[in-house]
Amino acid sequence: MTQVGVAVQECSVNGPEEVLRAVRGRSTPVVLRGAVCDWPMVEAGLKGSAATLEYLRQHAAAVQVTASVGLDGQEGRIFYTPDLGQLNFSSVRTTLAEFLSRLESQNVDANAAALYLGSAILEQVLPEVALANSLLMDDARKTVRIWIGNRTTVAAHYDTLDNLAAVVAGRRRFTLFPPDQLPNLYVGPLDFTPAGQAVSLVDLERPDFEHFPRFAEALAQAQSAELSPGDVIYIPSMWWHHVQGVDPLNVLVNHWWRD
């Protein structure tokens with residue numbers, strides 16, 4: 001793995017009700033270990049892929065979702081084709097149950113093409129369990145989304161809202177860059193993006209410093225963390241973040257919010 005600057009700072013909280021208080025007013029990232037271990041979805045995630053898939057399947061609503069299906073040989077990277085002319089994945093309409101079945105069939109293949117369900121509204125796709133698997137955030141205006149996939153990698157991008165992301169199943173590796181590193185991230189096409197936000201063109205696993213020399217400075221200023229089920233990471237507004245699903249099945253619930 002590419003060496004980055006420092007580890008994300010960590011702090012402890014006594015349960016989900018303290019998460020918002022722990023991050024409110026912060027301008028830098030922080031990891032809250034074990035903050036949501038009592039969520040039912042996390043309890044399933046700690047038991048493994050089979051229990052996670054069964055939990056999701058039991059509670060899945062019969063609604064349409066949009067999933068991304070990658071090309072073979074891309075190592076799960078959600079990105080562009082080499083000439084930047086097209087995306088290296090296709091979007092398909094399906095149901096959550098159908099997507100989970102497809103994911104289960106490829107769960108044992110370490111080299112499987114990317115399967116990725118991103119930014120699905122939790123209360124729409126899993127309405128019966130949404131409240132028990134999301135943070136109570138007082139008066140903060142929030143939107144809660146779920147992200148499900150195999151070993152996928154999402155290039156560094158930013159969000160305009162503050163983000164509290166809770167790992168539910170599998171491990172996820174986060175690499176974060178401060179907003180002032182934008183000139184060193186070599187951001188790609190602004191009018192043609194994988195998922196709405198412009199992304200860094202640098203492959204974090206194999207950075208090409210000949211073509212992207214200033215990326216070395218971005219790495220020196222970066223912060224990284226690997227999260228397990230039950231862990232939460234706070235990503236402040238405008239911080240760039242590269243996210244990698246480490247295990248064959250990865251599930252995350254995130255909360256975009258602002259006061």
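**Close-up views of a predicted model**

**View 1. Helix α4 on the sheet.** Helix α4, residues 96-105, lies across β4, β6, β7 and β8. Its direction makes an angle of about 125° with β6. The model shown here and in the other views is predicted.

**View 2. The open sheet.** Nine strands form an open sheet with mixed pairing. Their order is β2-β3-β13-β10-β15-β8-β7-β4-β6. The edges are β2 (10-11) and β6 (89-95), each of which pairs on one side only.

**View 3. Strand β7 and its two partners.** Strand β7 (residues 115-121) pairs with β4 (residues 64-70) in the antiparallel sense, over 3 bridges. Here Val-69 has Leu-115 of β7 as its bridge partner. Strand β7 also runs antiparallel to β8 (residues 141-149), joined by 4 bridges. Ala-120 is bridged to Ile-146 of β8.

**View 4. Strands β3 and β13.** Strand β3 (residues 30-32) runs antiparallel to β13 (residues 232-235), and 3 bridges join them. Val-31 has Ile-233 of β13 as its bridge partner.

**View 5. Helix α2 on the sheet.** Helix α2 (residues 40-47) lies across β8, β10 (162-169) and β15 (250-258). It runs at about 45° to β10.

**View 6. The nonpolar cores.** The largest nonpolar core has 46 residues. Those with the most contacts inside it include Met-41, Leu-126, Ile-146 and Val-251. Beyond its neighbours within four places in sequence, Leu-126 is in contact with Met-41, Leu-56, His-59, Ala-60, Leu-96 and Ile-146. Another core, of 20 residues, lies apart from the largest one; among its residues are Ala-114, Trp-147, Leu-176 and Ile-235.

How values were computed. Residues numbered from 1 in each chain as written. Predicted model: local features only at pLDDT ≥ 70, side-chain atom pairs only at ≥ 80, totals over all residues. Heavy atoms only, no water. Pairing = 2+ DSSP bridges. Helix = DSSP H or I, 4+ residues; strand = E, 2+ residues; numbered from the N terminus. Core = buried A, V, L, I, M, F, W, Y, C linked by side-chain atoms within 4.5 Å. Buried < 20%, exposed > 50% of the residue type's maximum accessible area, 1.4 Å probe, protein only. Contact = heavy atoms within 4.5 Å. Axes fitted to C-alpha atoms, helices over the stretch in contact; angles between N-to-C directions.
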